[in-house]
Amino acid sequence: KDLRGKVFGVRSSGHLSDVKGLGVVPFGIFTMSQIPFQKIENQKFSVRDITRLQQSRFRINNRTVGIHNVHLRAFSSQEKIRQNQVANLLQLIDQSKFSDNIMIGDFNFSRLEEALVIPPKFQDVSLTLRQVHVTYPKTQGRLDRIYINSTKWHPTDVSLFANTPRDFGPLSDHCGLVATFNFG
């Protein structure tokens with residue numbers, strides 16, 4: 001068994017970072033791409049933490065692109081932990097030396113102020129395109145985000161990957177996001 005048959009919209013030509021679902025439970029993540037992955041690394045933010053970080057590397061147009069997929073701590077009481085997780089993520093990105101970086105995933109930001117921990121060099125794709133989507137229908141929240149830091153890649157579209165969390169079956173209670181980028 002693998003996730004390709006369970007994930008809404010994945011064609012046989014698509015690539016999943018985790019087809020066996022090992023990183024999905026509990027509170028895991030996976031990345032979908034039409035471009036093959038060059039390298040994938042999964043890790044937890046800390047030994048005691050169940051939330052995860054997945055870094056995928058692609059080589060596109062002679063540039064190394066890093067996709068950093070996160071599932072940060074939930075609940076409003078965990079704001080300081082989320083801020084520390086973002087700081088750790090940004091440190092890893094700086095160390096990676098990728099040409100371009102995209103951060104995606106469940107950031108669980110419950111307040112607008114929380115998003116301020118993301119440096120201005122990372123564009124919030126939804127806000128840049130003025131295409132903001134509710135990704136957590138229970139609270140009408142926008143917990144899932146896509147950020148990009150690149151001089152060459154420009155977002156052209158962002159949309160919901162699944163119209164309801166049920167489209168993901170048991171995988172998530174969130175709707176996913178899909179973004180399209182042009183190079184140039």
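Me: How many aromatic pairs does a search of the whole structure find?

Reply: Before the count, a word on the source: this is a predicted model, in which local features need pLDDT of at least 70, side-chain atom pairs count only at pLDDT 80 or more, and totals for chains, interfaces and linings use all residues. Residues are numbered from 1 along each chain as its sequence is written, and side-chain values use heavy atoms, with hydrogens and water left out. A pair of aromatic rings is described by the distance of the centres and the angle of the planes. Rings of Phe, Tyr and Trp (its six-membered ring) pair if their centres lie within 6.5 Å; planes under 30 degrees apart count as stacked, over 60 as edge-to-face and the rest as tilted. The search of the whole structure finds four aromatic pairs. One of them joins phenylalanine 37 and phenylalanine 58, a tilted pair with 5.1 Å from centre to centre and 40 degrees between the planes.

Me: Where do phenylalanine 37 and phenylalanine 58 lie?

Reply: Helices (H or I, at least four residues) and strands (E, at least two) are DSSP runs, numbered from the N terminus. Phenylalanine 37 lies in the loop between strand S2 (32-33) and strand S3 (39-44), and phenylalanine 58 in strand S4, so the pair ties together parts that are 21 residues apart in sequence. Burial is read from the relative accessible area: buried means under 20%, exposed over 50%, and partly exposed in between (1.4 Å probe, protein chains only). Phenylalanine 37 counts as buried because its relative accessibility is 17%, and phenylalanine 58 is buried at 4%.

Me: Why is the pair of phenylalanine 107 and tyrosine 147 called edge-to-face?

Reply: The ring centres of phenylalanine 107 and tyrosine 147 are 5.2 Å apart and the planes stand at 80 degrees, so the pair is edge-to-face. This pair links distant parts of the chain, with phenylalanine 107 in the loop between S6 and S7 and tyrosine 147 in strand S8, 40 residues apart. Both phenylalanine 107 and tyrosine 147 are buried. Together with Phe109, Phe107 and Tyr147 form one aromatic cluster.

Me: Which residues have the most contacts inside the largest nonpolar core?

Reply: A nonpolar core is a set of buried Ala, Val, Leu, Ile, Met, Phe, Trp, Tyr and Cys residues joined through side-chain atoms within 4.5 Å. The largest core here has 15 residues, and Met103, Phe107, Phe109, Ile118 and Tyr147 have the most contacts inside it. H1 supplies the largest share of this core, four residues. Apart from this core lies another, of 14 residues, including Phe37, Phe58, Ile102 and Val158.

Me: On which side of helix H1 are its buried residues found?

Reply: The buried residues of H1 are Glu79, Arg82, Gln85, Val86, Leu89, Leu90 and Ile93. They cover an arc of only 140 degrees around the axis, which puts them on the same side of H1; the arc is that of the directions from the helix axis to the C-beta atoms. The face turned away from this buried side carries the exposed residues Lys80, Asn84 and Gln95. The buried residues of H1 pack against strand S4 (52-60), S5 and S6.

Me: How many salt bridges does a search of the whole structure find?

Reply: Side chains of opposite charge can pair when their charged atoms come close. A salt bridge is a side-chain nitrogen of Lys or Arg within 4 Å of a carboxyl oxygen of Asp or Glu. The search of the whole structure finds four salt bridges. One of them joins aspartate 100 and arginine 63, at 2.7 Å from N to O. Aspartate 100 is in strand S6 (residues 100-106) and arginine 63 in strand S5, 37 residues apart. Aspartate 100 counts as buried at 1% relative accessibility, and arginine 63 counts as buried at 17%.

Me: Is the bridge between aspartate 94 and lysine 121 formed by buried or partly exposed residues?

Reply: In this salt bridge the closest N and O atoms of aspartate 94 and lysine 121 are 3.8 Å apart. Aspartate 94 is in helix H1 (residues 79-96) and lysine 121 in the loop between S6 and strand S7 (123-124), 27 residues apart. Aspartate 94 counts as partly exposed at 47% relative accessibility, and lysine 121 is partly exposed at 46%.

Key: Contact means heavy atoms within 4.5 Å.
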